[in-house]
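Please open the model in a viewer and keep a selection tool at hand.

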Amino acid sequence: MNSQQAAKAADALHTVWKAGGTLAALPADATPATVDDGYAVQDALIERLGKKTDGWKLAHSAPAALQKNGLTNPPLGRVLEGTLAEDGATLPRKNFRLPRLEAEIAFKLAKDMPARAEPYTKADAAAAVASTTGSMMPRGSARLSSSRAATRSMASANRARPTWNIGSMITGT
């Protein structure tokens with residue numbers, strides 16, 4: 001995928017994010033062929049949205065889900081500024097095609113875990129966690145229809161979630 005194709009896909013996604021609709025598929029000549037292509041589109045989309053990254057979302061983290069989707073690593077999406085709804089918030093109905101909730105676990109890190117040559121261990125990850133909470137991800141808010149999109153396209157749509165609901169953080173060990 002070249003930068004013009006990534007820009008075309010990002011433009012289509014940006015339009016839908018701003019208007020609040022759902023895109024059935026990315027343009028045929030701008031559909032990511034790989035997950036890395038999807039991340040190139042995601043980067044271009046985030047640039048167009050002009051929002052900073054407040055956190056990250058991992059998907060398909062169970063080994064069976066990774067295998068089913070032909071992945072070796074969980075695909076990432078950014079949790080963008082302005083997309084976190086505090087506990088008890090009311091979310092606008094217009095943001096959802098088929099409203100439903102998915103339970104999640106959210107972790108707030110005390111320190112960054114930058115990319116490095118050697119993989120992080122479970123102990124490294126546990127040591128980096130400052131707090132945790134239950135979280136609800138409103139489903140049906142996708143900007144790209146996941147029923148028709150391959151994982152590589154969902155990566156381009158930033159895991160396609162414009163809203164997250166976060167409960168009260170719990171600290172301690």
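By the salt-bridge criterion (a side-chain nitrogen of Lys or Arg within 4 Å of a carboxyl oxygen of Asp or Glu), the count comes to five. The model is a predicted one, in which local features need pLDDT of at least 70 and side-chain atom pairs count only at pLDDT 80 or more, while totals for chains, interfaces and linings use all residues. Residues are numbered from 1 along each chain as its sequence is written, and side-chain values use heavy atoms, with hydrogens and water left out.

**Salt bridges**

Select aspartate 11 and arginine 48 to begin. Their side chains form a salt bridge with an N to O distance of 2.5 Å. This pair links distant parts of the chain, since aspartate 11 lies in helix α1 and arginine 48 in helix α2 (residues 35–49), 37 residues apart. Helices here are DSSP runs of H or I with at least four residues, strands are runs of E with at least two, and both are numbered from the N terminus. Aspartate 11 is partly exposed at 39% relative accessibility, and arginine 48 is also partly exposed, at 29%. The classes are buried (under 20% relative accessible area), exposed (over 50%) and partly exposed (in between), with a 1.4 Å probe and protein chains only.

Next, select aspartate 43 and arginine 78. The closest N and O atoms of this salt bridge are 2.9 Å apart. Which of the two accessibility classes, buried or partly exposed, applies to arginine 78? Arginine 78 is buried, with a relative accessible area of 14%, whereas aspartate 43 is partly exposed at 41%.

Then move to aspartate 124 and arginine 116, whose side chains meet in a salt bridge at 2.7 Å, N to O. Aspartate 124 has 29% relative accessibility and counts as partly exposed; arginine 116 is partly exposed as well, at 38%.

**Helix α1**

Select residues 3–19. This helix, α1, has 17 residues and reaches 24 Å from its first C-alpha to its last, close to the 24 Å expected at 1.5 Å a residue; the expected span is 1.5 Å times one less than the number of residues. Colour Ala6, Ala9, Ala10, Ala12, Leu13, Val16 and Trp17, which are the buried residues of α1. They lie on the same side of α1 because they cover an arc of only 155° around the axis, the arc being that of the directions from the helix axis to the C-beta atoms. On the other side of α1, the exposed residues are Ser3, Gln4, Thr15, Lys18 and Ala19.

Now inspect both ends of the helix. At the start of α1, a side-chain oxygen of asparagine 2 comes within 3.0 Å of the backbone nitrogen of glutamine 4. After α1 comes glycine 20, with a positive phi near 85°.

**Helix α2**

Turn to α2, which has 15 residues and spans 21 Å from its first C-alpha to its last, close to the 21 Å expected at 1.5 Å a residue. Its buried residues include Asp37, Val41, Leu45 and Leu49. Select aspartate 37 in helix α2: its relative accessibility is 13%, so it counts as buried. Not counting residues up to four places away in sequence, aspartate 37 touches Met1 and Pro32, where contact means heavy atoms within 4.5 Å. Glycine 50 follows α2, and its phi is positive, near 65°.

**The nonpolar core**

Select Leu13, Leu23, Val41, Leu45 and Leu49. Of the 16 residues in the largest nonpolar core, these touch the most other members. Such a core is a set of buried Ala, Val, Leu, Ile, Met, Phe, Trp, Tyr and Cys residues joined through side-chain atoms within 4.5 Å. Helix α1 gives the most to this core, with seven residues. Finally, centre the view on leucine 49, which is in contact with His14, Trp17, Lys18 and Leu80, leaving aside its neighbours within four places in sequence.

**The whole chain**

Zoom out to finish. The protein chain contains five helices and seven strands, running α-α-β-α-β-β-β-α-β-α-β-β from the N terminus on. Of its 173 residues, 38% count as buried.

Definitions and conventions. A polar contact is a pair of N or O atoms within 3.5 Å; within protein, one must be able to donate a hydrogen and the other to accept it, and residues adjacent in sequence count only if both atoms are side-chain atoms.
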